Amino acid sequence: MIKQNIIKISLIALVLVSLTSCVSDVDFDQAEDIMPSPTLESNLIYSTLIAPNFIDQQIQLEAAMVSDTTRLEVISSDFFVDQLAKANLSFKFTNSIQRDFLVDFEFLNDTNELRYHVQILVHSGVVTNPILSETTVLIDEPEITTFKEATKLVYKISLPPSTSPIGPNSQGQLDLQSKATLYFEL
Amino acid sequence: MKYRIAYILLLIASSVYSQNKQILYDFTDLPQVLIQNPGAKVSFDKHFGIPLFSQFHFNAGSSGVSVHDIFSDDGQDINDKIRDAIFSMSNHDFMTVNQQLEIINGGWRKNETTYFTYGMYEELDFISYFPKDVAILAWEGNANYINKSFNLADVSFKGELISVLHFGINKQVNKKLTFGVRGKLYSSVFNIHSVNNKGTFTTRVSNTENNYYEHVLQNLDGTLHTSGLSSLLDDENSDASKDIKKIIPRFFFSGNFGFGVDLGFTIQANEQTTITASMLDFGAIFHSKEVENYHLNGSYTFEGIELVFPPIINNEGTTPYWQNFEEELDGNINIDTLQNSYVTWRSTKFNASYKYSFGEKGGNDCNCLNTSNDEYQNAVGVQLFSMFRPKRPQFAATVFYYRRLYDALRLKLTYTVDDYSFTNVGLGMSAHLGKINLYGMVDNLLQMQNISKAQSVSLQLGINLIFDSND
């Protein structure tokens, strides 16, 4: 009898421990609120243009405008379209050319329609005293949606009429650094 | 010689069991002890497990955080809690899942000193170290970590599903020494692993001043090995039953076979002192069928896309900068798919114990079991457990108290210190009533009231029917 009781009690104890063990004070619905929101810093484009770059080779005179274009296919990628919530674009110029520049960054789609546009006036500098300027733009709703349709970036430098245009002997250079701060919500 | 025939007719199991079976180890009242130590000193004459029901075990553990840490209903933003968890863990923390199902388990005594065991079981084993750097990068991004190097070496995991066919011999050499060895034939259903990865990703302030930053992928060298997976992943059907039909034959004929051994011994130093040790799963599996490996290597620094403004006569820029960038990246960072065969070592486990028995001998009432095995009513001892894992071995130390009550009940109380906790108290009970043997083993008793707080839990219940010639 003693044996049976011991066994009975042990079994009851084991079953009780197993049954009363529970998962309490937890709320698994919180899983729906999980949202990783990484912020990525990424270089964009850069360039170094010396004064002679602004001379039109055919006429050997200052050009009215120079530009270059690169595809940036990542902007319209599924990942960006679905997850990119906002972005900061930063453009840093160092100008040691004695000339003002009007810079346009044009974000275009495949049919060359303008999706986003940044215009910056870069003031003239001198070789001994380059002028630094930095511009940061925030792309948030609603522009971010059209921005994400862009597939290429045109870097366009216009030279407004001036009494002292750039000549073959002009000195200095115009440097551009640029980056994007990308705010994702996954 | 007294006969004792143990039939394991039924083993109901709702069991969550750690790889370290500290309660079962050296619990010589149960036939299952032989799986933990082929050299355990047992006195059964025969045992046989009902196919598929003789043992099921499942364990999931996390050395870093518990479910409660993340999902507790405390009003805090879950994203903050996940962030805290990521930062509180180190890259030596790990998550494991281990599950075993005994398909066949049996044994018989050839003579007074020799006992044979045989069987087959299925095992699923997964371990992943916490890839801390990758987790921070994915959760927070690189913006707040300029100049920090994110290390790819943090990625370290392995997982496999295998079947094990085994045959063992338990030999009592003399009164002091019992020795056992078990040979194992492994058949791998699938295997995936990625260990010994190298390389860093750094976003640092530019040295060249060409642009704001330099994004540096440095000395990447990473490998992902898989076998048996590609046909499961490639097929277009999402019908799990078809996958299962594919998997089941591989338990026997996967083509990716391996061999291993278990060794163990018991030394009865004197009447009261017992020393045991075992080494389990010393072996390797050779993967040559349905192998797909991926190798990543290279270095690359990205400063952004440099626009060079080709001479104006070109009118519009036609330089394919983006394409050039992609080609340069592809040229510097290689991802190769390879079919070369590879070898995986099993996670070898070690157990050792020292037991001191004392008090009165035998039960207070009838001794229903083998009277020649007249044992002390009490024992205390220590056990050590260790297991090879990709980064470093796991260790656990256990102290225990064993007690026989009325010969009908054997209790084992354990306190274990391991990577998961310092508060692991376990209790095992084996009740013997005639032919019926009931046993239960519960681990992490202190966390039982709220399992979500436990970082690992184990529980095992079983019923054996024991036939004894004395009955």
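Chain A comes to three helices and 10 strands in its secondary structure, where helices (H or I, at least four residues) and strands (E, at least two) are DSSP runs numbered from the N terminus. Follow the sequence and you get the pattern α-β-β-β-β-α-β-β-β-β-α-β-β for chain A. Of the 186 residues in chain A, 45% are buried; buried means under 20% relative accessible area, exposed means over 50%, and partly exposed is in between (1.4 Å probe, protein chains only).

A quick word on what you're looking at: this is a predicted model, where local features need pLDDT of at least 70 and side-chain atom pairs count only at pLDDT 80 or more, while totals for chains, interfaces and linings use all residues. Residues are numbered from 1 along each chain as its sequence is written, chains are lettered from A and ligands numbered from 1 in the order in which they are written, and side-chain values use heavy atoms, with hydrogens and water left out.

Now for the surface. Asp29(A), Glu32(A) and Asp33(A) gather with Asp77(B), Asp80(B) and Asp84(B) in a patch of negative charge. Patches take residues with over 30% relative accessible area and no salt bridge, joining like charges within 9 Å and nonpolar side chains (Val, Leu, Ile, Met, Phe, Trp, Tyr) within 5 Å. A salt bridge, in turn, is a side-chain nitrogen of Lys or Arg within 4 Å of a carboxyl oxygen of Asp or Glu. Asp84(B) sits in helix 3 (residues 78-88) of chain B and, with a relative accessible area of 44%, is partly exposed.

Chain B also has a nonpolar surface patch of about 910 Å², with Ile267(B), Tyr354(B), Val382(B) and Phe422(B) among its members. Strand 17 (349-361), strand 18, strand 19 (394-405) and strand 20 (409-418) of chain B each supply at least two of the patch residues. Val382(B) belongs to strand 18, and its relative accessibility of 40% makes it partly exposed.

What about Gln383(B), buried or exposed? Gln383(B) is in strand 18 (residues 376-387) too, but it counts as buried because its relative accessibility is 4%.

Last stop: Phe126(B), in strand 5 (residues 114-129) of chain B, is partly exposed at 34% relative accessibility. Phe126(B) and Glu160(B) are 34 residues apart in sequence, yet 6.5 Å apart in space, C-alpha to C-alpha.

Key. Areas by Shrake-Rupley, 256 points an atom, 1.4 Å probe, with all protein chains shown as cover. Lys, Arg positive; Asp, Glu negative; His and termini not counted. Charge placed at Lys NZ, Arg CZ, Asp CG, Glu CD.
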